[in-house]
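The following report describes selected local features of a single protein chain. The sequence and the structure are shown first.

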Amino acid sequence: PPDPRHTGALPPPAAMAEKLRDLSQPIDVPVLDATVAAFYGTGSKEERSAADLILRDLQNNPDMWLQVVHILQNSQNLNTKFFALQVLESVIKYRWNALPVEQRDGIKNYISDVIVQLSSNEVSFRQERLYVNKLNIILVQVLKHEWPARWTSFIPDLVAAAKSSETICENCMAILKLLSEEIFDFSRGEMTQQKIKELKSSLNSEFRLIHELCLYVLSATQSSELIRATLATLHAFLSWIPVGFIFESPLLETLLKFFPMAAYRNLTLQCLTEVAALQFGDFYNVQYVKMYTFFMLQLQAILPPGTIPNAYANGSNEEQAFIQNLALFFTAFFKNHIRILEASAENRAALLVGLEYLIGISYVDDTEVFKVCLDYWNVFVLELFEAHNQMEPAIPAAQMIPGVDGTGTAVHQRRQLYASPLSKLRMLMICRMAKPEEVLIVEDENGNIVRETMKDNDVLVQYKIMRETLIYLSHLDHEDTEQQMLKKLTKQLNGEDWSWNNLNTLCWAIGSISGSMVEEQENRFLVMVIRDLLNLCEITKGKDNKAVIASNIMYVVGQYPRFLRAHWKFLKTVVNKLFEFMHEMHPGVQDMACDTFLKIVQKCKRKFVTQQVGENEPFVSELLTNLATTILDLEPHQIHTFYESVGHMIQAESDNTKRDEYLKRLMSLPNQKWAEIIGQAGQSIDILKNQDVIRSVLNILQTNTSVATSLGPHFFPQISLIFLDMLTVYSRMYSELVSSTIAEGGPYASKSSFVKLLRSIKRETLKLIETFVDKAEDLPHLGKQFVPPMMDPILGDYARNVPDARESEVLSLFATIINKYKAEMLDDVPRIFEAVFQCTLEMITKNFEDYPEHRLKFFSLLRAIGTHCFKALIQLSSQQLKLVIDSINWAFRHTERNIAETGLSLLLEILKNFQASEFTNQFYKTYFLTIEQEIFAVLTDSFHKPGFKLHVLVLQHLFCVVDGLTEPLWDASTVSYPSNAMFVRDYTIKLLGASFPNMTAAEVTKFVDGLLGSRHDLPSFKNHIRDFLVQSKEFSAQDNKDLYAEEAAVQREKERQRMLAIPGLIAPSELQDEMVDS
C-alpha cells in the first residue's frame, strides 16, 4: 500500500505513536507534523486527544530537546517549530547549567545563526516574523545564563551584525528591547537578587555601543520600519541608562525632530515621556526647560488646546493614542519638573498652557485617560494643600504683608499662580464626580432609571480619589468651591442645566466634601442645598425624575450627620421624608430610604430618645405608634433594616424601664404572630409544615436577629421570651422534619426548595443565638445561662443528623461561645468534640470541595479551642490528638485561602502552646518531621503562594524550637546524631534534594545552612526562602507579588493615619466616633 505520510492523511495512531516516542533515532518529522496538526484541530476529537497525549509525553521526555535542531531544520510547519522551541525553552530555563559545555555552545551558535540567516533578507524576515520573534526570546533566555561571564563579546558582536543590513539591524533592536525588559521590568521573582544586579551593571557598562548604534540609525536610515524599531528600543532603555547619554548627546534634539512627523509621533512621545519621568536633582534643569518649551511650540501646531475632547471623540486609533500619550507626558513632566517651570516668568506662561491642555484631556470621555489625569491632579493638589496647610494657622491670607515672611509669600504666590487652573479643576471634579457606594439608583444603557445590581469596583476606587482631590481643593478655597456648587444647583432648579447626570454628579460632589468646611459655613451651605433639593422634588414631574432627585436627597443628608445633629427641625423633616420614600414603589428608592435611615440613626440616635423642644414626646415613641403604617409597603429585608435602625434608637435610651417598654412596643407585631403560631402548633403540629407558616417563622426570627444586632445585651428580655419555644421548634420539629425528608427522598431531597426553606429556619435560629451571645459582651453571665439548654437540642441534633442536614452554623455558634467565655468552657469541650469532631471530619476529608461552609467553620471552632481551651487538647487521647493535627495539615493543604490561613494560624498557636507545656518533647518527637514535610510541600507549591508569610513563621518556629528539646528527634535505635539541629539539617537536605532533582546538592546544602544561620532574624530568613523559591523550578514563570504581601500592608496603615489628620478626608459618616449628640 502507498505510504500514508505523503498523502497528508493522519497516521494510524498506535504504531506511529510508539515510533515517535522512541527517541533513540532522529524523530520522524512528517509524523510529528501530522500529530501537531491533529492537535491544532484538523482531526476528530479522539485524534486531538490522542495527539495531545503523545505531545505531552514528548515534552516530558528529558531527551526530547536533543531532537530540536533536527525538527527545526526539517519541518515547514510553524506550529511544529513552536512546539520544538517550547521544549528547548524549558531546558534553557531549568536545566541549562547542568548541560555539558559543547551542548550549550551548540545551541547558542545554532540559534544565533538561524536568527541572522532569517533576518538578513527583507522577504524571509517579513514572512518568518513570528518564528524569528520566538527565536529572539529563546536567545534572551540563553543570555540570562551565559552573559556576561561566558559570552563576553555579545554586545559588540550584536552591534557589528546590526551594521551589516537594515533588517538585521531592526531585529537586533528587537533583541535589545527584549533583553532590557527581561532584566529591568520582569526580573522580580524570576532571578535571584545577585543575578539581576550583575546583568544590570553589564548592560550599563556596555551601553555606549548601543547608544551610538541608535543615533547612527536615526540619522542615517530611510526605512520607517527600522526607525520605529529603534524608537521602540530606546523607549525600553530610557528609564535606566546613564543620563549623560540623554542630555550630553544629540539624542533629545533627534527625538524632538521626529515628533512633528505623524508616523513617529506616538513612539517619540513615549520616549520623551520616559525622559520626563527621570529625576536627578537640578543638574539638567536647563535642558528640561528647553525640551518643554520647544515641545509646547510644536504641540500647539499639531493640536490646538481648546479642541481636545472633540478631537478624541472623532479621532482615529492613532490620534486617540496620541492624546493618551500626551496625558502621560504632561503628568510625568509636571510630577517631576513643575518647580523649574514655576521659577521664571517666561516659563510660567508655557506651564499654564500645559495645565490647560491637561484639563482639556481630563474631559476626554475615556476611563483610562481620565485615570491618568486624575492620579496626577490628586498629587498636584495634595502638594499645594500641604504647603498651604503648614502655614495656614500662622497667618491668615488677608493679613499677609508681602516680603515679611519669605516662605509665606512663596506659598501665597504659588496659590495665586494656580488660582485659575484650580478653579477649573473644581469644576472638572464636580462635573465628572464618580458614583459613591451608597447610591443604588442608576441609569441603565437604555436610559431607564433602575436599581443597581452590581457594585463596580473601578468606579468606587475612582470615587475615592476624586473625593480626596475635591476635599483638598475645597480646603484651598472654600468660597470658590461653595460658589461653583450653588451656581450649578441654581441651574438645575431653573431648568437651564437640568439632567439626571448633572444633578447626580453635583450631589455626589456635595456629599463628598462633608467635614471639610468649618461648621458655620457648612450649616449655611447645607440649609441652601437641602432646601433647594426638597423644592426640586416638589416642582419636578415624572416618576424617573422624582426617583433620581430622591436618591440625591438621601445621599446628601446621609453624608452630613454633624449638620443633622445640630438641627432637629431638619433632622425630623429628613426622617419624615425618608418615611415618605418608603412608600415609593420605584425600584431602589425604598432600599435607599431604609439604608439612609439606618445610617442617620446610627449617627444621631440620642436625638430620637430625647424629648425635643416643642414636641410632646420623644420621636421614638411617636415612631412606634405609627410603626405599622410606616412599614406597610416594605419588603421583608427592608423591614429588617428598619427594625435594626429602631434598635439603635432604643439602645441610646439609658433608662432601663423606658428602654424595655420601647422594646416591647417594637416587638409587639412579631411577638403576636409568634404566640399565635406556637399556640396553633400546640393543637396540631402539622401547621408548622405549611409553607406560609414556615415563611412567617423565618421572618419573625430574622426580625429578632436584626434588633439583637443593634440592641446588644439589652435584647435580653426579648430573647428570654422566645428562647425555649425556639429550641423546641428547632430540634423537635424542623430538624426531625429535615432528616426524615432527606432519608425518605434520597440524595436529591436535600436540594429541594422545601428542605432549603426548613433549613433556613434552623440557620436563622442559630444566627440569632450567635448574634446575641456575641453582642452581650458587657454581661457575660447573661449569655452563659443559654448554653446548657442548647447542648442537646443543638449539639446532639447535629451529631444525630445525616451529613446533608447538619448546619455549619452550629460550628460557628460554638466557636463564638468559646471565644466569648474562653476557659470557662473547658469542661464542655469534650462534649463539643464528641458531637462534632469525627462526624464533620468525615464530611470534609473526602476531597477539597464538598461542604465548603463546614470546612471554614470547623477550623474556626478548632482554632477557638486551641486558643482558649488548650488544656482540653492536652487531655485528648493520642488517637484524637493525631486526628486534630492531621486535620490541621488537611486545612492548610486547601488552596481556598481562608481555610489555609485559618489552619496555619491554628498550627502556629498550637506549636507555641506545646512548646511551653510539659509535653513539648513528646509532641515534637511525634509531629516535628511530618509538619516540616507538609509545610515545605505547600511552601514550594505555587498554588499556595498567599500563605507564604505564615509558612515562613511556622518554619522559623520549627528551626528555632530544636535547640530547646531535650530528647532526640531521630530514631535512636538505628542512627545517632550529635544534636537535634544536626539531625534536622540532614533531614531537610535529604527532603529538599529528593523534591528538587534539578538543584545540585551544593545548592540545597547552602540553602539549608542559610536557613539555620538566619533563623533568629525573620527578614533575612524570609529573603533567603524567597531566593530559594525563585531558584527552584516551581516559582519562576509567574507573578510573585504574594511573596511581598506583608510589606504592602504596613504601607496601607501609614496612609490611614495620614488621612485621619485632615478634616473631611475620612467621611464623617464613616468615622467610628461615639456621637456627641446628647
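## Salt bridges

The count of salt bridges comes to 46, where a salt bridge is a side-chain nitrogen of Lys or Arg within 4 Å of a carboxyl oxygen of Asp or Glu. The model is predicted: local features need pLDDT of at least 70, side-chain atom pairs count only at pLDDT 80 or more, and totals for chains, interfaces and linings use all residues. Residues are numbered from 1 along each chain as its sequence is written, and side-chain values use heavy atoms, with hydrogens and water left out.

| D28 | K19 | 3.1 Å |

Helices (H or I, at least four residues) and strands (E, at least two) are DSSP runs, numbered from the N terminus. E170 is buried at 4% relative accessibility, whereas R129, at 26%, is partly exposed. These classes follow relative accessible area: buried means under 20%, exposed over 50%, and partly exposed in between (1.4 Å probe, protein chains only).

Because R414 lies in helix α22 (residues 406-417) and E342 in helix α19 (residues 317-342), the pair ties together parts that are 72 residues apart in sequence. R414 is buried, with a relative accessible area of 9%, and E342 is likewise buried, with a relative accessible area of 9%. Elsewhere, salt bridges that share partners join R759, K762, R763, D797, E807, E809, E853 and K857 into one network.

The C-alpha atom of E853 is separated by 31 Å from that of E1053, a residue 200 places away along the chain.

## Backbone features

Y851 is found in the loop between α42 and α43 (852-868). Although Y851 is not a glycine, its phi is positive, at about 50°. At 23% relative accessibility, Y851 counts as partly exposed.

K822 likewise has a positive phi, of about 40°, without being a glycine. Its place is the loop between α41 (809-821) and α42 (829-844), and K822 counts as partly exposed at 39% relative accessibility.

W147 and P148 are joined by a cis peptide bond, with omega about 0°. P148 is located in the loop between α8 and α9 (154-162).

## The second largest pocket

About 790 Å³ of space lies in the second largest pocket. Of its 23 lining residues, the closest to the centre are K93, N97, H145, E1003 and Q1031. On a 1 Å grid over the protein atoms alone, a pocket is an open set of points where a 1.4 Å probe fits, with protein on both sides within 12 Å along at least five of seven lines; lining residues have an atom within 4 Å of a point. Grid points are joined across faces, edges and corners, and the volume is the space filled by probe spheres set on the points.

Helices α5 (78-95), α8 (129-146) and α51 (1018-1031) each supply at least two residues of this lining. By class, the lining divides into 7 nonpolar, 9 polar and 7 charged residues. Here Ala, Val, Leu, Ile, Met, Phe, Trp, Tyr, Cys and Pro count as nonpolar, Asp, Glu, Lys and Arg as charged, and the others, Gly among them, as polar.

## An annotated span and a buried glutamine

An unreviewed UniProt entry places the feature "domain: Importin N-terminal" at residues 51-117. UniProt positions are given in the numbering used here, feature names are shortened, and annotations may be inferred rather than shown by experiment. In the model, residues 51-117 are 78% helix and 0% strand, and the end C-alpha atoms of the span lie 32 Å apart.

Q559 is found in helix α28 (residues 543-559) and counts as buried, at 3% relative accessibility. Not counting residues up to four places away in sequence, Q559 touches E438, G511, S514, K599, A1067, P1068 and S1069, contact meaning heavy atoms within 4.5 Å.
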